[in-house]
Amino acid sequence: MRLLPSLGICLALGGAWLKAVEAKSATGDRVLVLVPTTESAKQYTYFLGTLETRGFDISVRAASNSSVALHLDGERLYDHAILLSPAAKKFGSDLTAHNFIRFVDDGGNLLVAASSELSDFHRKLGAQFGVEFEKRGSRAIDHVSHLSENGSDDHSVVAAHRFFGVPAVLPSTFGGNNPGTVLYKGIAHKYEAKNPLLVPVLVGSTTTYSGNAATGGDSDNKALSPMDTPLSGKALGLVSVFQTRSNARVAFSGSTELFSDSLMKKHGSSNTQFVTEVSKWVLQEKSVLRETGHRHHLLSTGEKPEYYRIGNEMVYEIDLSVYRDDAWHPYVANDVQFEAIMLDPYVRLTLNRTLPTDSKSPLATYRGDIKLPDRYGTFTFRVNYKRTGYSNVDVKDTVAIWPLRHDEYPRFLTAAYPYYTSSFVMIIGFLALSTAWLWNAEPKAKTNVKDEGKTKTKTKTKQSATSKPKPN
(Lines give C-alpha, C1' and ligand atoms only; values in the text may rest on other atoms or scores of the structure.)
Protein backbone atom coordinates (compact mmCIF):
# COMPACT_ATOMS: atom_id res chain seq x y z
CA MET A 1 0.00 0.00 0.00
CA ARG A 2 2.90 2.34 0.64
CA LEU A 3 3.91 2.01 -2.99
CA LEU A 4 0.82 3.89 -4.20
CA PRO A 5 1.77 7.31 -2.85
CA SER A 6 5.30 6.88 -4.16
CA LEU A 7 3.95 5.82 -7.55
CA GLY A 8 1.66 8.87 -7.61
CA ILE A 9 4.56 11.18 -6.80
CA CYS A 10 6.68 9.64 -9.54
CA LEU A 11 3.88 10.01 -12.08
CA ALA A 12 3.35 13.64 -11.06
CA LEU A 13 7.04 14.39 -11.36
CA GLY A 14 7.20 12.59 -14.68
CA GLY A 15 4.25 14.58 -16.01
CA ALA A 16 5.81 17.84 -14.86
CA TRP A 17 9.07 16.86 -16.54
CA LEU A 18 7.30 16.08 -19.81
CA LYS A 19 5.54 19.44 -19.72
CA ALA A 20 8.84 21.18 -19.13
CA VAL A 21 10.32 19.39 -22.11
CA GLU A 22 7.39 20.31 -24.36
CA ALA A 23 7.21 23.92 -23.17
CA LYS A 24 8.24 26.57 -25.67
CA SER A 25 9.44 28.79 -22.84
CA ALA A 26 12.73 28.17 -21.10
CA THR A 27 11.02 28.53 -17.71
CA GLY A 28 7.67 26.73 -18.16
CA ASP A 29 4.33 26.84 -19.96
CA ARG A 30 1.76 27.67 -17.22
CA VAL A 31 0.17 31.06 -17.93
CA LEU A 32 -2.42 32.86 -15.77
CA VAL A 33 -4.48 35.50 -17.62
CA LEU A 34 -6.56 37.83 -15.47
CA VAL A 35 -9.38 39.74 -17.22
CA PRO A 36 -12.31 41.84 -15.88
CA THR A 37 -14.79 39.05 -16.68
CA THR A 38 -14.50 35.78 -18.49
CA GLU A 39 -16.71 37.22 -21.24
CA SER A 40 -14.30 40.11 -21.82
CA ALA A 41 -11.59 37.60 -22.76
CA LYS A 42 -13.26 37.31 -26.18
CA GLN A 43 -11.69 40.59 -27.31
CA TYR A 44 -8.25 39.01 -26.83
CA THR A 45 -9.03 35.83 -28.73
CA TYR A 46 -6.32 36.30 -31.32
CA PHE A 47 -3.58 37.09 -28.77
CA LEU A 48 -4.49 34.18 -26.50
CA GLY A 49 -4.77 31.92 -29.52
CA THR A 50 -1.19 32.69 -30.52
CA LEU A 51 -0.06 31.77 -27.01
CA GLU A 52 -1.82 28.42 -27.21
CA THR A 53 -0.31 27.81 -30.64
CA ARG A 54 3.12 28.40 -29.13
CA GLY A 55 2.49 25.61 -26.61
CA PHE A 56 1.36 27.44 -23.48
CA ASP A 57 -1.18 26.11 -21.00
CA ILE A 58 -3.45 29.12 -20.46
CA SER A 59 -5.77 29.64 -17.49
CA VAL A 60 -8.18 32.57 -18.00
CA ARG A 61 -9.68 33.85 -14.75
CA ALA A 62 -11.78 36.82 -13.76
CA ALA A 63 -9.88 39.32 -11.64
CA SER A 64 -12.56 39.17 -8.94
CA ASN A 65 -12.46 35.38 -8.68
CA SER A 66 -11.68 34.60 -5.05
CA SER A 67 -9.95 31.33 -5.95
CA VAL A 68 -7.17 33.09 -7.86
CA ALA A 69 -3.81 32.45 -6.20
CA LEU A 70 -0.20 32.73 -7.27
CA HIS A 71 1.39 30.43 -4.68
CA LEU A 72 0.43 27.27 -2.88
CA ASP A 73 2.48 26.04 0.05
CA GLY A 74 5.26 28.42 -0.94
CA GLU A 75 5.47 27.19 -4.54
CA ARG A 76 4.43 29.07 -7.68
CA LEU A 77 1.27 27.78 -9.32
CA TYR A 78 2.10 29.52 -12.60
CA ASP A 79 5.21 30.38 -14.55
CA HIS A 80 3.79 33.54 -16.12
CA ALA A 81 1.01 36.01 -15.34
CA ILE A 82 -0.74 38.44 -17.72
CA LEU A 83 -2.88 41.24 -16.27
CA LEU A 84 -5.51 42.52 -18.73
CA SER A 85 -7.82 44.10 -16.17
CA PRO A 86 -6.58 47.67 -15.68
CA ALA A 87 -9.58 48.92 -13.70
CA ALA A 88 -9.44 46.13 -11.10
CA LYS A 89 -8.66 47.42 -7.63
CA LYS A 90 -7.69 43.98 -6.38
CA PHE A 91 -7.16 40.48 -7.71
CA GLY A 92 -8.51 37.35 -6.14
CA SER A 93 -9.50 37.46 -2.51
CA ASP A 94 -6.44 39.14 -1.05
CA LEU A 95 -3.76 39.45 -3.76
CA THR A 96 -1.84 42.70 -3.42
CA ALA A 97 0.97 44.30 -5.36
CA HIS A 98 3.35 42.68 -2.87
CA ASN A 99 2.13 39.23 -3.93
CA PHE A 100 2.93 39.93 -7.58
CA ILE A 101 6.35 41.30 -6.62
CA ARG A 102 7.00 38.11 -4.68
CA PHE A 103 5.84 36.16 -7.74
CA VAL A 104 8.51 37.94 -9.80
CA ASP A 105 11.15 37.46 -7.10
CA ASP A 106 10.44 33.72 -7.22
CA GLY A 107 11.22 33.65 -10.95
CA GLY A 108 7.78 34.28 -12.45
CA ASN A 109 7.31 36.54 -15.47
CA LEU A 110 4.71 39.28 -15.56
CA LEU A 111 2.99 41.24 -18.34
CA VAL A 112 0.91 44.22 -17.18
CA ALA A 113 -1.45 46.08 -19.52
CA ALA A 114 -3.14 49.28 -18.35
CA SER A 115 -5.49 51.87 -19.80
CA SER A 116 -6.78 55.35 -19.08
CA GLU A 117 -8.93 53.83 -16.34
CA LEU A 118 -6.09 52.19 -14.45
CA SER A 119 -6.46 51.63 -10.72
CA ASP A 120 -4.12 52.52 -7.89
CA PHE A 121 -3.14 48.85 -7.80
CA HIS A 122 -1.48 49.11 -11.22
CA ARG A 123 0.07 52.45 -10.34
CA LYS A 124 1.68 51.04 -7.19
CA LEU A 125 2.81 47.91 -9.02
CA GLY A 126 4.42 49.94 -11.80
CA ALA A 127 6.18 52.24 -9.33
CA GLN A 128 8.00 49.22 -7.88
CA PHE A 129 9.70 48.72 -11.25
CA GLY A 130 10.42 52.36 -12.09
CA VAL A 131 7.28 52.94 -14.21
CA GLU A 132 5.14 55.94 -13.32
CA PHE A 133 1.82 56.04 -15.13
CA GLU A 134 0.17 59.35 -15.99
CA LYS A 135 -2.95 60.61 -14.26
CA ARG A 136 -6.09 58.56 -14.46
CA GLY A 137 -8.19 59.62 -17.44
CA SER A 138 -5.22 60.79 -19.52
CA ARG A 139 -4.14 59.20 -22.77
CA ALA A 140 -1.45 59.36 -25.40
CA ILE A 141 -2.39 61.78 -28.19
CA ASP A 142 -0.86 62.58 -31.54
CA HIS A 143 -2.37 65.03 -34.01
CA VAL A 144 0.04 64.06 -36.79
CA SER A 145 0.61 60.30 -36.54
CA HIS A 146 -2.73 58.72 -35.68
CA LEU A 147 -5.33 56.29 -37.00
CA SER A 148 -7.21 57.54 -40.00
CA GLU A 149 -9.70 55.36 -41.79
CA ASN A 150 -13.02 55.81 -43.58
CA GLY A 151 -12.53 59.56 -43.57
CA SER A 152 -12.47 59.88 -39.76
CA ASP A 153 -9.47 60.59 -37.57
CA ASP A 154 -8.97 59.33 -34.06
CA HIS A 155 -6.12 61.28 -32.49
CA SER A 156 -6.15 59.05 -29.39
CA VAL A 157 -5.09 56.03 -31.46
CA VAL A 158 -1.43 56.85 -31.91
CA ALA A 159 0.48 55.40 -34.85
CA ALA A 160 3.71 54.81 -32.93
CA HIS A 161 6.88 54.05 -34.85
CA ARG A 162 9.71 55.08 -32.54
CA PHE A 163 11.40 51.93 -31.24
CA PHE A 164 14.42 51.63 -29.03
CA GLY A 165 17.23 49.60 -30.51
CA VAL A 166 17.15 46.52 -28.29
CA PRO A 167 17.87 43.56 -30.61
CA ALA A 168 17.30 41.07 -27.81
CA VAL A 169 13.67 42.22 -27.53
CA LEU A 170 12.80 43.43 -31.02
CA PRO A 171 14.45 42.24 -34.22
CA SER A 172 16.27 44.67 -36.46
CA THR A 173 13.19 45.02 -38.69
CA PHE A 174 11.70 47.28 -36.02
CA GLY A 175 13.26 50.72 -35.96
CA GLY A 176 15.31 50.16 -39.11
CA ASN A 177 15.08 51.85 -42.47
CA ASN A 178 11.48 50.64 -42.83
CA PRO A 179 10.04 50.76 -39.31
CA GLY A 180 6.63 49.31 -38.69
CA THR A 181 3.67 51.16 -37.24
CA VAL A 182 2.10 50.09 -33.97
CA LEU A 183 -1.40 51.34 -33.21
CA TYR A 184 -1.59 52.35 -29.57
CA LYS A 185 -4.60 53.53 -27.58
CA GLY A 186 -4.12 54.06 -23.89
CA ILE A 187 -2.25 55.83 -21.15
CA ALA A 188 1.39 56.89 -21.25
CA HIS A 189 4.00 56.43 -18.55
CA LYS A 190 7.24 57.96 -17.41
CA TYR A 191 10.25 55.67 -17.08
CA GLU A 192 13.47 56.01 -15.11
CA ALA A 193 16.13 56.54 -17.74
CA LYS A 194 18.93 55.89 -15.22
CA ASN A 195 17.55 52.51 -14.21
CA PRO A 196 19.77 49.92 -15.94
CA LEU A 197 17.15 47.19 -15.48
CA LEU A 198 14.33 49.13 -17.19
CA VAL A 199 14.34 49.58 -20.97
CA PRO A 200 11.71 51.47 -22.98
CA VAL A 201 10.81 49.54 -26.10
CA LEU A 202 8.19 51.82 -27.67
CA VAL A 203 8.12 55.57 -26.99
CA GLY A 204 6.30 58.56 -28.40
CA SER A 205 7.41 60.53 -31.44
CA THR A 206 8.13 64.25 -31.39
CA THR A 207 4.43 65.02 -31.94
CA THR A 208 3.06 62.67 -29.28
CA TYR A 209 2.04 63.96 -25.86
CA SER A 210 -0.06 62.96 -22.88
CA GLY A 211 -3.39 64.78 -22.52
CA ASN A 212 -6.87 64.67 -21.06
CA ALA A 213 -10.23 64.62 -22.83
CA ALA A 214 -11.96 67.98 -22.42
CA THR A 215 -15.35 67.96 -20.85
CA GLY A 216 -18.25 68.01 -23.21
CA GLY A 217 -19.03 65.98 -26.28
CA ASP A 218 -20.19 62.41 -26.47
CA SER A 219 -18.08 61.01 -29.26
CA ASP A 220 -14.68 59.37 -29.22
CA ASN A 221 -13.23 62.28 -31.21
CA LYS A 222 -14.11 64.94 -28.64
CA ALA A 223 -11.86 67.98 -28.32
CA LEU A 224 -8.53 67.26 -26.64
CA SER A 225 -6.58 69.64 -24.46
CA PRO A 226 -3.01 69.24 -23.21
CA MET A 227 -2.33 68.76 -19.54
CA ASP A 228 -0.63 71.43 -17.48
CA THR A 229 2.79 69.81 -17.85
CA PRO A 230 2.36 67.19 -20.56
CA LEU A 231 4.71 64.29 -21.04
CA SER A 232 5.82 64.26 -24.65
CA GLY A 233 8.32 63.02 -27.19
CA LYS A 234 10.97 60.51 -26.32
CA ALA A 235 10.27 60.86 -22.59
CA LEU A 236 6.75 59.49 -23.13
CA GLY A 237 6.85 55.74 -22.64
CA LEU A 238 4.29 53.45 -24.23
CA VAL A 239 5.78 49.98 -23.68
CA SER A 240 8.71 49.26 -21.34
CA VAL A 241 10.35 46.05 -20.22
CA PHE A 242 12.16 45.20 -17.01
CA GLN A 243 14.49 42.33 -16.16
CA THR A 244 15.38 41.56 -12.56
CA ARG A 245 18.84 40.52 -11.42
CA SER A 246 17.43 37.00 -11.00
CA ASN A 247 16.43 37.01 -14.71
CA ALA A 248 12.67 37.28 -14.17
CA ARG A 249 11.03 39.51 -16.79
CA VAL A 250 8.28 42.12 -16.58
CA ALA A 251 6.62 44.22 -19.30
CA PHE A 252 4.39 47.28 -18.88
CA SER A 253 2.03 48.56 -21.54
CA GLY A 254 -0.37 51.44 -21.08
CA SER A 255 -2.79 49.94 -23.56
CA THR A 256 -4.89 46.81 -23.19
CA GLU A 257 -6.22 47.43 -26.69
CA LEU A 258 -2.72 46.84 -28.00
CA PHE A 259 -3.47 43.13 -27.40
CA SER A 260 -7.06 43.26 -28.62
CA ASP A 261 -8.35 41.73 -31.85
CA SER A 262 -9.46 45.14 -33.12
CA LEU A 263 -5.90 46.50 -33.33
CA MET A 264 -3.92 43.31 -33.85
CA LYS A 265 -5.94 42.51 -36.98
CA LYS A 266 -5.89 46.08 -38.26
CA HIS A 267 -4.61 46.17 -41.82
CA GLY A 268 -1.33 47.99 -42.29
CA SER A 269 -0.28 47.83 -38.65
CA SER A 270 2.58 45.90 -37.06
CA ASN A 271 0.71 45.15 -33.85
CA THR A 272 0.77 41.40 -34.35
CA GLN A 273 4.53 41.25 -34.92
CA PHE A 274 5.22 43.71 -32.12
CA VAL A 275 3.05 41.95 -29.54
CA THR A 276 4.45 38.57 -30.56
CA GLU A 277 8.06 39.68 -30.14
CA VAL A 278 7.45 41.42 -26.80
CA SER A 279 5.44 38.49 -25.41
CA LYS A 280 8.15 36.03 -26.53
CA TRP A 281 10.73 38.04 -24.62
CA VAL A 282 8.58 38.35 -21.49
CA LEU A 283 7.65 34.66 -21.48
CA GLN A 284 11.33 33.79 -22.03
CA GLU A 285 10.97 32.21 -25.43
CA LYS A 286 14.05 34.06 -26.68
CA SER A 287 17.18 35.90 -25.54
CA VAL A 288 17.64 33.50 -22.62
CA LEU A 289 21.31 32.95 -21.80
CA ARG A 290 22.64 30.15 -19.67
CA GLU A 291 26.01 28.85 -18.57
CA THR A 292 26.21 25.11 -19.04
CA GLY A 293 29.69 24.61 -17.66
CA HIS A 294 32.97 26.27 -16.72
CA ARG A 295 36.41 25.01 -15.73
CA HIS A 296 39.97 26.14 -15.10
CA HIS A 297 43.28 24.32 -14.90
CA LEU A 298 47.02 24.78 -15.21
CA LEU A 299 48.30 25.42 -18.71
CA SER A 300 51.33 23.17 -18.27
CA THR A 301 49.72 20.04 -16.83
CA GLY A 302 46.04 20.43 -17.75
CA GLU A 303 45.04 19.51 -14.19
CA LYS A 304 43.02 21.55 -11.73
CA PRO A 305 45.16 22.01 -8.62
CA GLU A 306 43.94 22.42 -5.08
CA TYR A 307 45.49 25.89 -5.10
CA TYR A 308 47.50 28.01 -7.51
CA ARG A 309 50.86 29.71 -7.07
CA ILE A 310 51.54 33.34 -7.92
CA GLY A 311 52.55 33.76 -11.53
CA ASN A 312 51.05 30.43 -12.65
CA GLU A 313 49.74 30.23 -16.19
CA MET A 314 46.24 28.83 -16.26
CA VAL A 315 43.37 28.24 -18.70
CA TYR A 316 39.77 29.33 -18.07
CA GLU A 317 36.85 28.07 -20.18
CA ILE A 318 33.10 28.71 -20.06
CA ASP A 319 30.23 27.32 -22.17
CA LEU A 320 27.33 29.62 -23.11
CA SER A 321 24.03 28.91 -24.89
CA VAL A 322 21.11 31.10 -25.97
CA TYR A 323 17.49 29.99 -26.26
CA ARG A 324 15.56 31.03 -29.36
CA ASP A 325 13.31 29.41 -31.93
CA ASP A 326 12.33 26.71 -29.43
CA ALA A 327 15.87 25.37 -29.10
CA TRP A 328 19.25 26.10 -27.55
CA HIS A 329 21.95 27.53 -29.80
CA PRO A 330 25.59 28.57 -29.33
CA TYR A 331 25.85 32.14 -28.09
CA VAL A 332 28.23 34.13 -30.28
CA ALA A 333 29.80 37.30 -28.86
CA ASN A 334 33.15 39.05 -28.64
CA ASP A 335 32.79 40.72 -25.25
CA VAL A 336 32.79 37.88 -22.72
CA GLN A 337 35.27 38.86 -20.01
CA PHE A 338 37.03 37.01 -17.20
CA GLU A 339 38.06 38.69 -13.95
CA ALA A 340 40.31 37.60 -11.09
CA ILE A 341 39.12 39.66 -8.14
CA MET A 342 40.41 40.24 -4.63
CA LEU A 343 38.39 43.30 -3.58
CA ASP A 344 39.46 44.83 -6.93
CA PRO A 345 40.08 43.11 -10.26
CA TYR A 346 43.74 42.18 -10.64
CA VAL A 347 43.19 40.51 -14.01
CA ARG A 348 40.57 41.34 -16.65
CA LEU A 349 40.73 39.47 -19.95
CA THR A 350 38.39 39.10 -22.91
CA LEU A 351 37.80 35.43 -23.67
CA ASN A 352 37.96 34.13 -27.21
CA ARG A 353 35.54 31.65 -28.69
CA THR A 354 37.06 28.32 -29.67
CA LEU A 355 36.00 26.45 -32.78
CA PRO A 356 33.50 23.70 -31.91
CA THR A 357 34.38 20.10 -32.65
CA ASP A 358 30.71 19.34 -33.28
CA SER A 359 28.89 21.72 -35.63
CA LYS A 360 25.54 20.72 -34.11
CA SER A 361 26.58 21.43 -30.55
CA PRO A 362 24.35 23.97 -28.74
CA LEU A 363 27.34 25.27 -26.81
CA ALA A 364 29.82 28.04 -27.51
CA THR A 365 33.07 27.64 -25.57
CA TYR A 366 35.08 30.72 -24.63
CA ARG A 367 38.69 30.32 -23.53
CA GLY A 368 41.44 32.49 -22.14
CA ASP A 369 45.09 31.82 -21.28
CA ILE A 370 45.72 33.77 -18.09
CA LYS A 371 48.84 34.52 -16.06
CA LEU A 372 47.94 34.91 -12.42
CA PRO A 373 49.05 38.10 -10.66
CA ASP A 374 52.11 38.38 -8.46
CA ARG A 375 49.84 38.59 -5.45
CA TYR A 376 48.76 35.87 -3.07
CA GLY A 377 45.44 35.59 -1.26
CA THR A 378 41.87 34.39 -1.81
CA PHE A 379 40.68 35.37 -5.29
CA THR A 380 37.32 35.09 -7.05
CA PHE A 381 37.34 33.91 -10.65
CA ARG A 382 34.27 35.56 -12.15
CA VAL A 383 32.44 35.94 -15.46
CA ASN A 384 29.77 38.59 -14.96
CA TYR A 385 28.06 38.98 -18.33
CA LYS A 386 25.17 41.45 -18.49
CA ARG A 387 23.75 42.71 -21.75
CA THR A 388 20.50 44.57 -22.31
CA GLY A 389 17.63 42.19 -23.02
CA TYR A 390 19.62 39.01 -22.35
CA SER A 391 19.61 36.92 -19.22
CA ASN A 392 22.39 37.70 -16.77
CA VAL A 393 25.21 35.20 -16.45
CA ASP A 394 27.19 35.45 -13.23
CA VAL A 395 29.64 32.62 -12.54
CA LYS A 396 31.97 32.68 -9.52
CA ASP A 397 34.71 30.41 -8.20
CA THR A 398 36.67 31.08 -5.02
CA VAL A 399 40.32 30.09 -5.51
CA ALA A 400 43.38 30.33 -3.26
CA ILE A 401 46.63 31.66 -4.70
CA TRP A 402 49.66 30.83 -2.58
CA PRO A 403 53.13 32.42 -2.59
CA LEU A 404 56.10 30.48 -3.89
CA ARG A 405 58.10 28.23 -1.60
CA HIS A 406 61.60 29.33 -0.62
CA ASP A 407 63.10 26.91 -3.15
CA GLU A 408 60.67 27.80 -5.97
CA TYR A 409 61.88 31.30 -6.63
CA PRO A 410 64.12 31.70 -9.73
CA ARG A 411 67.85 31.79 -9.12
CA PHE A 412 68.34 34.98 -11.08
CA LEU A 413 65.79 37.65 -11.85
CA THR A 414 65.85 39.32 -15.21
CA ALA A 415 64.90 42.66 -13.73
CA ALA A 416 67.92 42.49 -11.39
CA TYR A 417 70.56 42.05 -14.11
CA PRO A 418 71.74 45.70 -13.84
CA TYR A 419 72.31 45.21 -10.12
CA TYR A 420 74.16 41.97 -10.70
CA THR A 421 76.39 43.71 -13.27
CA SER A 422 77.14 46.65 -10.97
CA SER A 423 78.10 44.26 -8.16
CA PHE A 424 80.57 42.34 -10.34
CA VAL A 425 82.03 45.56 -11.75
CA MET A 426 82.62 46.85 -8.23
CA ILE A 427 84.31 43.60 -7.19
CA ILE A 428 86.57 43.57 -10.25
CA GLY A 429 87.49 47.21 -9.71
CA PHE A 430 88.32 46.60 -6.05
CA LEU A 431 90.59 43.65 -6.92
CA ALA A 432 92.36 45.62 -9.61
CA LEU A 433 92.99 48.55 -7.28
CA SER A 434 94.23 46.26 -4.51
CA THR A 435 96.61 44.48 -6.86
CA ALA A 436 98.03 47.76 -8.11
CA TRP A 437 98.52 49.03 -4.56
CA LEU A 438 100.20 45.92 -3.15
CA TRP A 439 102.49 44.85 -5.95
CA ASN A 440 103.59 48.17 -7.46
CA ALA A 441 106.92 49.53 -5.76
CA GLU A 442 108.44 53.03 -6.25
CA PRO A 443 111.43 53.20 -8.72
CA LYS A 444 114.92 54.05 -7.24
CA ALA A 445 116.60 57.39 -8.28
CA LYS A 446 119.87 57.09 -10.42
CA THR A 447 123.03 59.28 -9.46
CA ASN A 448 126.55 59.83 -11.10
CA VAL A 449 129.85 58.56 -9.48
CA LYS A 450 131.57 62.01 -9.52
CA ASP A 451 128.70 63.68 -7.83
CA GLU A 452 128.63 60.90 -5.26
CA GLY A 453 132.44 61.46 -4.47
CA LYS A 454 131.99 65.19 -4.05
CA THR A 455 129.09 64.60 -1.75
CA LYS A 456 131.19 62.29 0.48
CA THR A 457 134.15 64.81 0.65
CA LYS A 458 131.84 67.62 1.71
CA THR A 459 130.33 65.41 4.35
CA LYS A 460 133.77 64.53 5.86
CA THR A 461 134.92 68.20 5.86
CA LYS A 462 131.84 69.24 7.80
CA GLN A 463 132.34 66.47 10.31
CA SER A 464 136.01 67.46 10.93
CA ALA A 465 135.11 71.12 11.30
CA THR A 466 132.49 70.51 13.81
CA SER A 467 134.48 67.99 15.84
CA LYS A 468 136.37 69.31 18.96
CA PRO A 469 139.72 68.05 20.32
CA LYS A 470 139.54 65.93 23.41
CA PRO A 471 141.18 67.39 26.57
CA ASN A 472 144.30 65.74 27.88
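1. Which residue in E17 stands opposite valine 199? Valine 241 does. The strand facing E17 (residues 237-243) here is E14 (residues 198-203) of this predicted model. E14 and E17 pair in the antiparallel sense over five bridges. Pairing requires that DSSP finds at least two bridges between two strands. Strands (E, at least two residues) and helices (H or I, at least four) are DSSP runs, numbered from the N terminus.

2. The model is predicted, so local features need pLDDT of at least 70 and side-chain atom pairs count only at pLDDT 80 or more, while totals for chains, interfaces and linings use all residues.

3. E14 has a further partner, strand E11 (residues 162-163). Two bridges join E11 and E14, and the strands run antiparallel. Phenylalanine 163 stands opposite leucine 202 in E14. Six of the six residues of E14 are buried, so the strand is largely enclosed by the rest of the structure. Buried means under 20% relative accessible area, exposed over 50%, and partly exposed in between (1.4 Å probe, protein chains only).

4. Look next at helix H2 (residues 45-53). Its buried residues are Phe47, Leu48, Thr50 and Leu51. They cover an arc of only 155° around the axis, which puts them on the same side of H2. The arc is that of the directions from the helix axis to the C-beta atoms. Glu52 and Thr53 are exposed on the other side of H2. Glycine 55 follows H2, with a positive phi near 95°.

5. What do the buried residues of H2 pack against? Their partners are strands E1 (30-35), E2 (57-62) and E5 (80-83), together with helices H5 (261-264) and H6. Contact means heavy atoms within 4.5 Å.

6. Leucine 48 is worth a check by itself. This residue of H2 is buried, with a relative accessible area of 9%. Leaving aside neighbours within four places in sequence, leucine 48 is in contact with Val33, Ala41, Ile58 and Val60. The C-alpha atoms of leucine 48 and valine 60 are separated by 9.4 Å, and the two residues lie twelve apart along the chain.

7. The structure holds one cavity of 30 Å³ or more. About 40 Å³ of space lies in the largest cavity. A cavity is a set of points, on a 1 Å grid over the protein atoms alone, where a 1.4 Å probe fits but cannot get out; lining residues have an atom within 4 Å of a point. Grid points are joined across faces, edges and corners, and the volume is the space filled by probe spheres set on the points.

8. Which residues line the largest cavity? They are Leu111, Val239, Ala251, Ser253, Leu258, Phe259, Phe274, Val275 and Val278. The largest share, three residues, comes from H6. By class, the lining divides into eight nonpolar, one polar and no charged. Ala, Val, Leu, Ile, Met, Phe, Trp, Tyr, Cys and Pro count as nonpolar, Asp, Glu, Lys and Arg as charged, and the others, Gly among them, as polar.

9. Last, an open sheet. Five strands form it in the order E20-E28-E27-E23-E24, with mixed pairing. Strands E20 (308-309) and E24 (344-350) are the edges, each pairing on one side only. Two bridges join E20 to strand E28 (residues 393-402), and these run parallel. The bridge partner of arginine 309 in E28 is tryptophan 402.

Notes
Residues numbered from 1 in each chain as written. Heavy atoms only, no water. 1 Å grid on protein atoms, 1.4 Å probe; cavity = no way out; pocket = protein on both sides within 12 Å on 5 of 7 lines; lining within 4 Å.
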